[in-house]
Amino acid sequence: MKTQLTLAAALLAGTALDPAVAQEKIKLGVVVTLSGPAAALGQQVRDGFALAVKDLGGKMGGRDVEVIVADDELKPDAAVTKVKGLLERDKVDFVIGPIFSNILQAIHRPITESKTFLISPNAGPSTFAGKDCSPFFYVTSYQNDQVHEILGKVAQDRGYKRMYLMVPNYQAGKDSVAGFKLDYKGEIVEESYMPLNTLDFQPELSKISSQKPDALFTFMPGGLGVNLVKQYRQAGLADSIPVLSAFTVDESTLPAQQDAAVGMFGGANWAPNLDNPQNKKFVASYEATYNVVPGTYAFQAYDAAMLIDSAVKAVKGDLSNKDAVRAALKKADFTSLRGAFKFNTNGYPIQNFYLTKVAKRPDGKFQTEIVQKVFENYGDRYAKDCKAAN
């Protein structure tokens with residue numbers, strides 16, 4: 001009888017017919033690096049995600065959204081502590097992040113074992129793309145190797161016989177070298193692994209100058225890339241030894257690198273000048289809101305929010321059925337800023353990849369621009385080993 005009276009009262013109040021009205025807010029935990037030299041990357045993720053939530057009117061599937069942002073400090077132990085707080089104290093429904101693969105390796109298990117969905121807007125290590133894949137893990141960026149594969153194929157196609165490779169000494173750095181080597185069959189004169197806190201690249205630049213490779217392949221994200229590019233230009237190498245890079249010259253680093261980066265090449269799954277209506281609107285809105293040019297970190301975070309929204313809508317705001325949410329995420333029923341996008345069996349995207357080049361715009365700002373499409377509808381090579389019900 002009490003239940004009937006409660007239901008009757010709710011009907012009179014006009015709320016019972018819309019379950020979303022009575023539901024609590026959807027809680028989204030964003031874990032990214034917001035301190036130190038790599039903070040610009042985390043800021044782009046935070047801001048791209050926030051812009052998407054704003055465009056959605058602060059709601060997903062009719063439910064209000066609360067976004068809780070945590071700084072992982074680029075420290076695995078700190079990241080795990082922050083994640084436990086999001087899971088146990090804040091009881092978030094989704095975790096979005098991180099930037100760096102070593103942080104992802106630390107937080108992946110506690111999140112997925114709690115049966116909470118983890119959406120990575122950037123890190124995509126090989127570790128979780130194959131046999132250790134999870135039905136609770138989805139990536140809106142790429143598998144780490146793929147972006148570097150672009151540069152390996154370009155180096156091979158352009159006939160570069162001798163390459164110098166320089167990357168950071170952590171999982172994503174190792175993935176980058178593996179990716180580059182897939183298509184490149186020439187000589188590698190040096191394979192250098194640098195500490196993540198490297199500020200002075202002069203010893204390496206001296207080696208490059210003396211060994212005279214046909215080109216340099218490098219992956220130096222955030223502050224690493226800022227220092228490397230400036231020192232490379234100052235050393236007089238930029239005009240004689242081309243740079244093929246990944247996450248070294250992009251919209252997160254260009255405001256600091258500026259003219260030093262112009263003409264340097266990169267590999268990406270997107271660029272600000274990608275010609276489709278949704279991307280043009282996003283870039284204009286992001287620049288108007290934050291007064292900077294968005295990079296891949298921002299667009300992938302925007303897509304992450306839209307992915308979550310599509311899943312919440314599909315299950316009509318009811319996140320209690322994990323299998324239904326998983327199936328909805330897998331469908332990826334949203335319009336990606338990159339255009340063509342779908343998930344592979346391992347929760348990593350199948351998408352297009354491009355060679356990009358740094359340009360200075362008429363308004364004085366710097367951005368990467370598409371030079372050519374290198375891979376089309378390309379899935380990673382680890383998906384065949386994923387056995388999870390994903």
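This is a dialogue about reading a predicted model, taken one feature at a time.

Me: What kind of model is this, and what should I keep in mind about pLDDT and numbering?

Reply: This is a predicted model, in which local features need pLDDT of at least 70 and side-chain atom pairs count only at pLDDT 80 or more, while totals for chains, interfaces and linings use all residues. Residues are numbered from 1 along each chain as its sequence is written, and side-chain values use heavy atoms, with hydrogens and water left out.

Me: How many disulfides does a search of the whole structure find, and which residues form a disulfide?

Reply: A disulfide is a pair of cysteine sulfur atoms within 2.5 Å. Searching the whole structure gives one disulfide, formed by Cys133 and Cys386 with their sulfur atoms 2.0 Å apart. Cys133 sits in the loop between strand E5 (117-120) and strand E6 (137-139), and Cys386 in the segment after strand E14 (366-378), so the pair ties together parts that are 253 residues apart in sequence. Helices (H or I, at least four residues) and strands (E, at least two) are DSSP runs, numbered from the N terminus.

Me: What is the hand of the disulfide of Cys133 and Cys386, and is Cys133 buried or exposed?

Reply: The torsion about the S-S bond of Cys133 and Cys386 is about 85°, so the disulfide is right-handed. For the second part, buried means under 20% relative accessible area, exposed over 50%, and partly exposed in between, with a 1.4 Å probe and protein chains only. Cys133 is buried, at a relative accessible area of 11%, and Cys386 also counts as buried, at 10% relative accessibility.

Me: How many salt bridges does the structure hold?

Reply: A salt bridge is a side-chain nitrogen of Lys or Arg within 4 Å of a carboxyl oxygen of Asp or Glu, and the structure holds 21 of them. One of these joins Lys181 and Glu191, whose closest N and O atoms are 2.8 Å apart. This pair links distant parts of the chain, with Lys181 in helix H7 (residues 171-183) and Glu191 in strand E8 (residues 187-194), 10 residues apart. Lys181 is partly exposed at 35%, and Glu191 is partly exposed at 32% relative accessibility.

Me: Which other residue of strand E8 is tied to Lys207?

Reply: That residue is Glu190, whose side chain meets the side chain of Lys207 in a salt bridge (3.6 Å, N to O). Because Lys207 lies in helix H8 (residues 202-211) and Glu190 in strand E8, the pair ties together parts that are 17 residues apart in sequence. Lys207 is partly exposed, with a relative accessible area of 34%. Elsewhere, salt bridges that share partners join Glu73, Lys75 and Lys82 into one network, and within this network the side chains of Glu73 and Lys75 meet at 3.8 Å, N to O.

Me: What is Ser192 in contact with?

Reply: Contact means heavy atoms within 4.5 Å. Ser192 is in strand E8 and counts as buried at 7% relative accessibility. Apart from its neighbours within four places in sequence, Ser192 is in contact with Tyr164, Leu165, Met166, Val167 and Glu204.

Me: What span should the residues of helix H5 have, and where does H5 bend?

Reply: The expected span of a helix is 1.5 Å times one less than its number of residues. For the 13 residues of helix H5 (residues 101-113) this should be 18 Å, and the end C-alpha atoms are 18 Å apart, which agrees. The bend at a residue is the angle between axes fitted to the seven residues ending there and the seven starting there; H5 bends by about 40° at Ile107, and a proline, Pro110, follows within four residues. The buried residues of H5, including Ile107 and His108, pack against helix H4 (76-89), strand E4 (94-96), E5, E6, helix H6 (144-157) and H7.

Me: How many of the residues of H12 are buried?

Reply: In H12, 17 of the 19 residues are buried, so this helix is largely enclosed by the rest of the structure. Helix H12 (residues 296-314) reaches 27 Å from its first C-alpha to its last, close to the 27 Å expected. Just after H12, Lys316 takes a positive phi of about 55°.
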